[in-house]
Amino acid sequence: MSLSGILAANGKTALLAHKLWEENINNRGGLLGRPVQLVCIDDQTNPSLVPDIYQKLLNEEKTDLIIGGYGDNSIKPAMPLVMEHNRFFVGLMGLAVNQEFNYENYFVLIPTGLNPGTALTEGFFAVAAKQHPKPETVAILRADAPFSKSPVQGAKDNSAKYGMKVVFEESYPLSTTDFSPYIRKVQETEADILFMCSYVGDSVGLVRAIDKEGLQAKVVGGAMIGPQNGSVKTELGPLLNGLVNYEYWLPVEKLMYPGVQEMIEKYQARAQQEGTDPLGYYVAPMAYAQMQILEQAVTDTQSLDDSKLAAYTRDAVFHTVVGDIKFGKGGGWTEPRVLTVQYQHLTDNSVAQFKNAKTQVVLVPEALSSGKLIYPYINAKNGTA
């Protein structure tokens, strides 16, 4: 797990959720009558360290079961070794990791379904397409990093699907600290939509530059990693107003599945002490569900045999704090459930206002929606709607 480096915030959040599950399962007698012990090694958000970590876990620690870390950096480098040992492997939020390997014993908790790049971005364009007047042109800003490839291609595919034209695309190096020149270039195109694919630090810089430059696009956001994190939410506060982005879980009525409120309350009570995301909405429910997948597979098969666990997981329906999950080909969810959200009516930088679901309105899927888009972006940004 990435407990240091640029993805540490999400890695630490996942680990705390895992600890809560560990305590819960041991209070109920463990698995197969044995106590559960989590062994976690920091990969420092450095993919080159991952293979040796799993070698140690498998060969020295002799662990019964292994799981995957937060994202591509922690999961993808582990895959060759996992496949060599034919292990059952449940990852957390790797996007499209298994498209390269096609490993049948891999499963993942990211709710992007069987076509991850498209699913991650479709809600953004579907919402935009319903507005009047309909936006027609798209500008794309993306981090120059491997993770952006799939979402950006998905954005292009969805732009075409909804009859929009990409008129500008530019990448920026991850070392970028001043995003104003990029936002000015977007402004010059007069594009109706600004779609961004960014890491945590980039997202903060981009949002601040958008505010500074007074961007006039009608829909702004996309596939930005960062605004989901409670620390980023409180850092940016009202600057998030109007932004349309993806989330995976929020405390809206239709997403309050059995056990999730209790888990979130326990998580938030310990977040400050553990130095993790004060809210935990983005990672903690999925990380807890990751362990519930393991728990149900072991309990129902009464086994720690990797092949039996994988065979069971390919066919079962899992009951988790993020709802029922069934896995399909490649280990993704058979039904995607990416939330497209707009931040609205934020007035300060307090963490309390982000616990109010009205400030993070779920737009799609329609069955889970909790409000409507404020359009255009400037109206939501200025609180004039």
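**View 1. Aromatic pairs of the predicted model.** The count comes to 17 aromatic pairs, where rings of Phe, Tyr and Trp (its six-membered ring) pair if their centres lie within 6.5 Å. Planes under 30 degrees apart count as stacked, over 60 as edge-to-face and the rest as tilted. Phe125 and Phe195 are a stacked pair, because their ring centres are 5.7 Å apart and their planes lie at 25 degrees. The pair links distant parts of the chain, 70 residues apart: Phe125 sits in helix 6 (residues 116-129) and Phe195 in strand 6 (residues 193-198). Helices (H or I, at least four residues) and strands (E, at least two) are DSSP runs, numbered from the N terminus. Both Phe125 and Phe195 are buried (under 20% relative accessible area; exposed is over 50%, partly exposed in between; 1.4 Å probe, protein chains only). One aromatic cluster is formed by Phe88, Phe107, Tyr312, Phe318 and Phe327.

This is a predicted model: local features need pLDDT of at least 70, side-chain atom pairs count only at pLDDT 80 or more, and totals for chains, interfaces and linings use all residues. Residues are numbered from 1 along each chain as its sequence is written, and side-chain values use heavy atoms, with hydrogens and water left out.

**View 2. Helix 11 and its bend.** Helix 11 (residues 260-274) has 15 residues and should span 21 Å at 1.5 Å a residue; its end C-alpha atoms are 20 Å apart, which agrees. The expected span is 1.5 Å times one less than the number of residues. Helix 11 bends by about 30 degrees at Gln268 (the angle between axes fitted to the seven residues ending there and the seven starting there). Its buried residues are Val260, Met263, Ile264, Tyr267 and Ala271. They pack against helix 1 (8-27) and helix 12 (284-301), with contact meaning heavy atoms within 4.5 Å. Just after helix 11, Gly275 takes a positive phi of about 70 degrees.

**View 3. Two cis peptide bonds.** His132 and Pro133 are joined by a cis peptide bond with omega of about -5 degrees. Pro133 lies in the loop between helix 6 and strand 4 (137-143). The bond from Tyr375 to Pro376 is also cis, with omega near -5 degrees. Pro376 lies in the loop between strand 12 (360-364) and helix 14 (377-382).

View 4. Leu32 has phi near 55 degrees, a positive value in a residue other than glycine. Leu32 is in the loop between helix 1 and helix 2 (50-60). Its relative accessible area is 34%, so Leu32 is partly exposed. Phi of Gln302 is near 50 degrees, also positive. At 57% relative accessibility, Gln302 counts as exposed.
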